[in-house]
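Hi everyone, thanks for coming.

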Amino acid sequence: MTTIDQENKKPPRSELAVAASLDSEIMATKEDVQDPRIPKIASSIRVIPDFPKPGIMFQDITTLLLDTEAFKDTIDIFVERYKGKGISVVAGVEARGFIFGPPIALAIGAKFVPMRKPKKLPGKVISEEYSLEYGTDKIEMHVGAVEPGERAIIIDDLIATGGTLAAAIRLLERVGVTIAECACVIELPVLKGREKLGETPLFILVTSDAA
Amino acid sequence: MFAVENGLQGDPRLQTISDAIRVIPHFPKTGIMFQDITTLLLDPVAFKHVVDIFVDRYKHMNISLVAGVEARGFIFGPPIALAIGAKFVPLRKPGKLPGRVISEEYELEYGNDRLEMSMEAVKTHERALVIDDLVATGGTLSASINLLERAGAEVVECACVVGLPKFKGECRLKGKPLYVLVEPSQLD
């Protein structure tokens, strides 16, 4: 598995992460290294057809959370990757990013910053709008939660179109934070979310073609 | 029951936790002094104290399930669950959980709300902990207890970071003990 170097150089795409697709095909990295924890994590994720609407194959991580070993392994992989890399901010996207972000933040000694839907945060906020299939939505963060010059990772359970993560990146960059990487448990590559992230690298444990 | 009544009198971690919580007056409406735990999350030492105190209390109680109420219960529940080797079960607003769910209605000041849990989350007779950031009326926690009991779990305790002073002493919610770290912070 690759590591992030201190200068925040983006590793070549072919070396990014080890991933296992949900029909058990294992994709090896260039160094042909397979993290043995990945297949169990992949198989602990349940796919629910036609949720929240017909045609969508929903990637349900609640079953991963019921599997204590898989959940621990998921967090361990992220912690091993980000510990000691000068990351002082773990930003988690509401609501499933709130489940994975805090254990990582605690283990690497970083602060946890929740990025929330509008009107949930009680104090002064800055917000960033992003496009949905129909219409727009907004993501918000407290003013003063982060300081210019800090290095952050952004966590969510899944990247689909990349709209939410791209908005989170813009929000943090607006206040002078460098995003070292975005990290998700699952990627749906057919939706090309990676392309919305610009120069920001993306680290994934599991990819699914079931989009 | 507050931590200070149960072995943690004089524990400096409680003051650190209390000091890290920000008070936002008149949110979400006039008269409410909102206890903002996001500032505690920005303080890795204070956040770790919260988790450590809960983990020390629950690690030998044979708890196999930690249920967290959306959304701030999602922040405190998983670190506790991971440290004590329990599974984490999110209790969510309606329509968010996929698959088969059970739901429980509860009263708000004006109107009702609903909390849902996955039907596959609980094995009968599992010992469960419910966690949220704050307890005020106890409505959400009571609904959570109902959901877990309906699914066959035994709720051992409810745990919150902040609680109103009325929860001191042997206060119970639906017969279940309540464990709270600190009273609400005041405005400076």
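Let me start with a term: a salt bridge here is a side-chain nitrogen of Lys or Arg within 4 Å of a carboxyl oxygen of Asp or Glu. With that in hand, the side chains of A:R194 and A:E187 meet in a salt bridge, at 3.1 Å from N to O.

A word on conventions. This is a predicted model, where local features need pLDDT of at least 70 and side-chain atom pairs count only at pLDDT 80 or more, while totals for chains, interfaces and linings use all residues. Residues are numbered from 1 along each chain as its sequence is written, chains are lettered from A and ligands numbered from 1 in the order in which they are written, and side-chain values use heavy atoms, with hydrogens and water left out.

Back to that pair: are its two residues buried or exposed? I call a residue buried under 20% relative accessible area, exposed over 50%, and partly exposed in between, with a 1.4 Å probe and protein chains only. A:R194 is buried at 17%, and A:E187 is buried at 7%.

Over all chains, the structure holds 31 salt bridges. Another one joins A:R37 to A:D35, with the closest N and O atoms 2.9 Å apart. Here A:R37 has a relative accessible area of 19%, which makes it buried, and A:D35 is buried too, at 7%.

Now for one that involves both chains. B:E120 forms a salt bridge with A:R46, and their closest N and O atoms are 3.2 Å apart. The pair crosses between chains: B:E120 sits in the loop between β6 (112-118) and β7 (127-135) of chain B, and A:R46 lies in strand β3 (residues 46-49) of chain A. When I say strand or helix, I mean DSSP runs numbered from the N terminus: helices are H or I with at least four residues, strands are E with at least two. B:E120 is partly exposed at 37%, and A:R46 is partly exposed at 21%. Which residues are linked with them in a network of salt bridges? The network consists of A:R46, A:D60, B:R100 and B:E120.

Let's turn to chain B as a whole. Its secondary structure comes to five helices and ten strands. The radius of gyration, taken over C-alpha atoms, is compared with a globule rule of 2.2 Å times the number of residues to the power 0.38. For chain B the radius is 16 Å, close to the 16 Å that the rule gives for 188 residues, so the chain is as compact as a globular protein of that length. Along its principal axes, the C-alpha trace of chain B spans about 45 × 40 × 30 Å, and buried residues make up 56% of the 188 residues.

One helix to look at is α5 of chain B, residues 139-150. The expected span of a helix is 1.5 Å times one less than its number of residues. This helix has twelve residues and reaches 17 Å from its first C-alpha to its last, close to the 16 Å expected. Nine of the twelve residues are buried, so α5(B) is largely enclosed by the rest of the structure. Among those buried residues are B:L141, B:I145 and B:L148. After α5(B) comes B:G152, with a positive phi near 100°.

Next, strand β10 of chain B, residues 176-182: how many of its residues are buried? Seven of the seven, so this strand is largely enclosed by the rest of the structure. I count two strands as paired if DSSP finds at least two bridges between them. Strand β8 (residues 154-163) of chain B runs parallel to β10(B), with four bridges joining them, and B:A159 has B:Y179 as its bridge partner. Strand β9 (residues 172-173) pairs with β10(B) in the antiparallel sense over two bridges, where B:L173 stands opposite B:K176. The hairpin of β9(B) and β10(B) has two residues between the strands, and B:K174 takes a positive phi near 50° there.

A:C184, for example, has its nearest cysteine sulfur 6.6 Å away, in A:C182. A:C184 is also buried, at 0% relative accessible area. Happy to take questions!

Conventions: A disulfide is a pair of cysteine sulfur atoms within 2.5 Å.
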